[in-house]
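Please keep the sequence and the model side by side while reading.

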Amino acid sequence: RNMDNQVDSIRGITTFAAGMFDKNKEDALSSGEHNVIPCGQSVFRVLLRGDDVIVDMGMLKCSCRAFDEFGVPCVHAALVCYSQGLPESQYFDAVFR
């Protein structure tokens, strides 16, 4: 039973994170207040509402640390995919596409 509760908790957290990811991505895209600057083969500088972060799509890392700390893709990485025509399915788990 304890394992079932843990699985339910993980599902709930994942669903919440996916919803927040979608909302943040939609807000960022609709605002037009972002700029993605290629800096190398898979490295990009993303400027978004005062944020100035570096996204490495090859390593799945962003200087905002969302990948590292929460295990979820950040809006910065989603903006890189959108602006560069990269398929999100290549970088993000199905729950975040």
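Leucine 60 sits in the loop between β3 and β4, the latter spanning residues 61-62, and in this predicted model leucine 60 has a positive phi of about 50° although it is not a glycine. Most residues other than glycine have a negative phi. The side of the question that concerns solvent is settled by a relative accessible area of 32%, which makes leucine 60 partly exposed.

**Backbone and hairpins**

- Arginine 49 also has a positive phi, of about 45°, without being a glycine, and its place is in the loop between β2 and β3.
- With a relative accessible area of 47%, arginine 49 is partly exposed.
- The hairpin of β2 and β3 that contains arginine 49 has 2 residues between the strands, whereas the hairpin joining β1 to β2 runs through 4 residues.

**The sheet**

- The 4 strands form an open sheet in the order β1-β2-β3-β4, with antiparallel pairing; because β1 and β4 stand at the edges, each with a single partner strand, one side of each is left without a neighbour in the sheet.
- Strand β1, residues 34-38, pairs with β2 in the antiparallel sense over 5 bridges; within this pairing valine 36 has valine 46 of β2 as its bridge partner, and isoleucine 37 stands opposite arginine 45 in β2.
- Helix α3 packs on the sheet, touching β1, β2, β3 and β4, and its direction makes about 110° with that of β2.
- Strands β2 and β3, the latter covering residues 51-56, run antiparallel and are joined by 6 bridges, among them one in which leucine 48 is partnered by aspartate 51 of β3.

**The two faces of β2**

- In a regular strand the side chains alternate between the two faces of the sheet.
- In β2, residues 43-48, the covered face carries Phe44, Val46 and Leu48, while the uncovered face carries Val43, Arg45 and Leu47.

**The nonpolar core**

- In soluble globular proteins, nonpolar side chains tend to be buried together.
- The largest nonpolar core holds 19 residues, and the members that touch the most other members are Val46, Val55, Met57, Ala77, Val80 and Phe92.
- This core draws at least two residues from each of β2, β3, α2 (66-70) and α3 (75-84), and α3 gives the most, with 6 residues.
- Once its neighbours within four places in sequence are left aside, valine 55 is in contact with Ser42, Val43, Phe44, Val46, Lys61, Cys62, His76, Ala77 and Val80.

**The chain as a whole**

- The chain has 4 helices and 4 strands, which follow the pattern α-β-β-β-β-α-α-α when read along the sequence.
- Of the 97 residues in the chain, 30% are buried.
- Among the contacts in the chain with a separation of 6 or more, 35% are between residues 24 or more positions apart.
- The chain exposes about 6100 Å², of which carbon and sulfur atoms supply 52%.

Definitions and conventions:
Residues numbered from 1 in each chain as written. Predicted model: local features only at pLDDT ≥ 70, side-chain atom pairs only at ≥ 80, totals over all residues. Heavy atoms only, no water. Buried < 20%, exposed > 50% of the residue type's maximum accessible area, 1.4 Å probe, protein only. Pairing = 2+ DSSP bridges. Core = buried A, V, L, I, M, F, W, Y, C linked by side-chain atoms within 4.5 Å. Contact = heavy atoms within 4.5 Å. Areas by Shrake-Rupley, 256 points an atom, 1.4 Å probe, with all protein chains shown as cover. Axes fitted to C-alpha atoms, helices over the stretch in contact; angles between N-to-C directions.
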